[in-house]
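Thanks for coming. I will take a few minutes on one model, and I would ask you to keep the structure open while I talk.

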Amino acid sequence: MNAQWNEVPGTPSWLGSPIDARPLFAPEQAALMATLRGLEPADWRQEAVPGWTVRDLVAHLLGDFYGRLGRDRDGHQGGPAFAPGETLEEFIHRINQQWVDACHRISAAALTDTVDLVGGQVSPFFETTDPDRPSLGVSWAGVDPAPMWLDSARDFTEFWTHRQQIRRATGQDTDPNPRFLSVVLDTFLRALPHTLRHTAAPAGTQVQVHIGGPAGGTWTATVVEGRWSLAEPATGRPAARLSLDAESTWRLCTRGISPAAAFARARVDGDRQLAAAACRIVSIVY
């Protein structure tokens with residue numbers, strides 16, 4: 001995760017080593033379908049995220065599948081546009097809510113079948129993509145356009161996160177499969193340089209985030225030429241080291257818990273202000 005790599009055209013080196021999430025879309029889709037087909041009727045009415053039930057969240061996932069296939073596989077140019085003065089966050093939240101509202105007439109059974117049909121086409125699409133080509137921007141990583149490897153990994157983390165939110169809403173624990181979770185955490189931590197962008201420090205300063213467990217690892221952000229980068233190797237003792245468990249980390253990055261709550265759970269070594277700045281990481285449009 002801290003190793004240097006050969007930079008490809010259009011890919012900022014400060015993002016760190018590329019991630020290949022493509023082989024995971026098919027097993028993630030299978031896990032989603034197993035989760036949905038195991039739900040009881042009452043489960044669909046449980047709140048999954050603030051303001052949305054499990055049913056709403058599944059409708060949102062279906063919209064994500066249609067959007068990715070229509071835009072990137074089929075070259076479809078239709079769809080909503082920005083309203084005057086609307087920010088990216090406002091636009092995303094508005095169109096997501098419009099889609100969920102429009103799906104209220106669809107039954108849970110029909111939603112499940114359609115998610116199976118349409119979601120099953122997402123994995124074959126990603127398997128054909130060139131990971132190095134420019135793609136959609138990833139705002140929380142501060143890169144636009146982003147390389148396809150980051151754009152696709154971002155989609156994988158969204159699909160995985162929504163499945164966990166459904167699981168938690170229906171009394172199930174987070175899926176501990178490290179094959180999935182390790183890629184989710186690695187992708188989420190690509191937000192670290194962007195998170196620290198307003199944190200001034202001398203050249204060579206390093207901030208480490210360590211995540212324990214079989215899906216964890218260590219990510220080191222270094223100040224290089226006036227910006228934070230994940231491309232430099234760890235050298236010596238970092239100025240700050242933030243250690244968290246995997247559950248707290250993914251929930252922090254998706255705002256399932258607050259930075260203050262995550263910081264209270266963390267072990268902090270070194271500069272606490274730098275560690276607190278790293279703990280403000282967010283890896284979703286928020």
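Pro 145 sits in the loop that joins β3 (134-135) to β4 (146-147). Bear in mind that this is a predicted model. The peptide bond leading from Asp 144 into Pro 145 is cis, with omega near 0 degrees. The other backbone point is Glu 225, which has a positive phi of about 50 degrees although it is not a glycine. Glu 225 is placed in the loop between β6 (217-224) and β7 (227-229). For context, most residues other than glycine have a negative phi, and most peptide bonds are trans.

Now the helices. Two packed helices are described by the angle between their axes and the distance between the axes. Take α1 (25-37) with helix α4, residues 108-119: the axes are 10 Å apart and the angle is about 175 degrees. Angles over 145 degrees count as roughly antiparallel, and α1 and α4 are therefore roughly antiparallel to each other. On the α1 side, the contact is made by Gln 29, Leu 32, Met 33, Leu 36 and Arg 37. From α4 come Thr 112, Asp 113, Val 115, Asp 116 and Gly 119. By class, that contact has 4 nonpolar, 3 polar and 3 charged residues.

The next pair is helix α6, residues 148-169, and helix α7, residues 178-188, whose axes come within 9 Å and cross at roughly 120 degrees. That angle makes α6 oblique to α7. What is the handedness of the crossing of α6 and α7? The crossing is left-handed. α6 brings Leu 150, Ala 153, Arg 154, Phe 156, Thr 157, Trp 160, Thr 161 and Arg 163 to the contact. α7 brings Phe 180, Leu 181, Val 183, Val 184, Thr 187 and Phe 188. The residues in this contact of α6 with α7 are 9 nonpolar, 3 polar and 2 charged.

On to empty space. Rolling a probe the size of a water molecule over the atoms shows where empty space is left. How many cavities of 30 Å³ or more does a search of the whole structure find? There are 2.

The largest cavity holds about 70 Å³ of space. Its lining is Phe 25, Glu 28, Gln 29, Leu 32, Phe 65, Gly 119, Val 122, Ser 123 and Phe 159.

β8 (240-244) and α9 (246-253) are the elements that give two or more residues, and α9 gives the most, with 3. The lining consists of 9 nonpolar residues, 1 polar and no charged.

Last, a pocket. The second largest pocket has a volume of about 230 Å³. It is lined by 14 residues, and Trp 140, His 194, Thr 195, Arg 197 and Val 282 lie nearest its centre. The lining of this pocket divides into 6 nonpolar, 5 polar and 3 charged residues.

Definitions and conventions. Residues numbered from 1 in each chain as written. Predicted model: local features only at pLDDT ≥ 70, side-chain atom pairs only at ≥ 80, totals over all residues. Heavy atoms only, no water. Axes fitted to C-alpha atoms, helices over the stretch in contact; angles between N-to-C directions. Helix = DSSP H or I, 4+ residues; strand = E, 2+ residues; numbered from the N terminus. Parallel < 35°, antiparallel > 145°, perpendicular 65-115°, else oblique. Left-handed = near helix turned anticlockwise from the far one by under 90°. Contact = heavy atoms within 4.5 Å. Nonpolar A, V, L, I, M, F, W, Y, C, P; charged D, E, K, R; others polar. 1 Å grid on protein atoms, 1.4 Å probe; cavity = no way out; pocket = protein on both sides within 12 Å on 5 of 7 lines; lining within 4 Å. Points joined across faces, edges and corners; volume = space filled by probe spheres on them.
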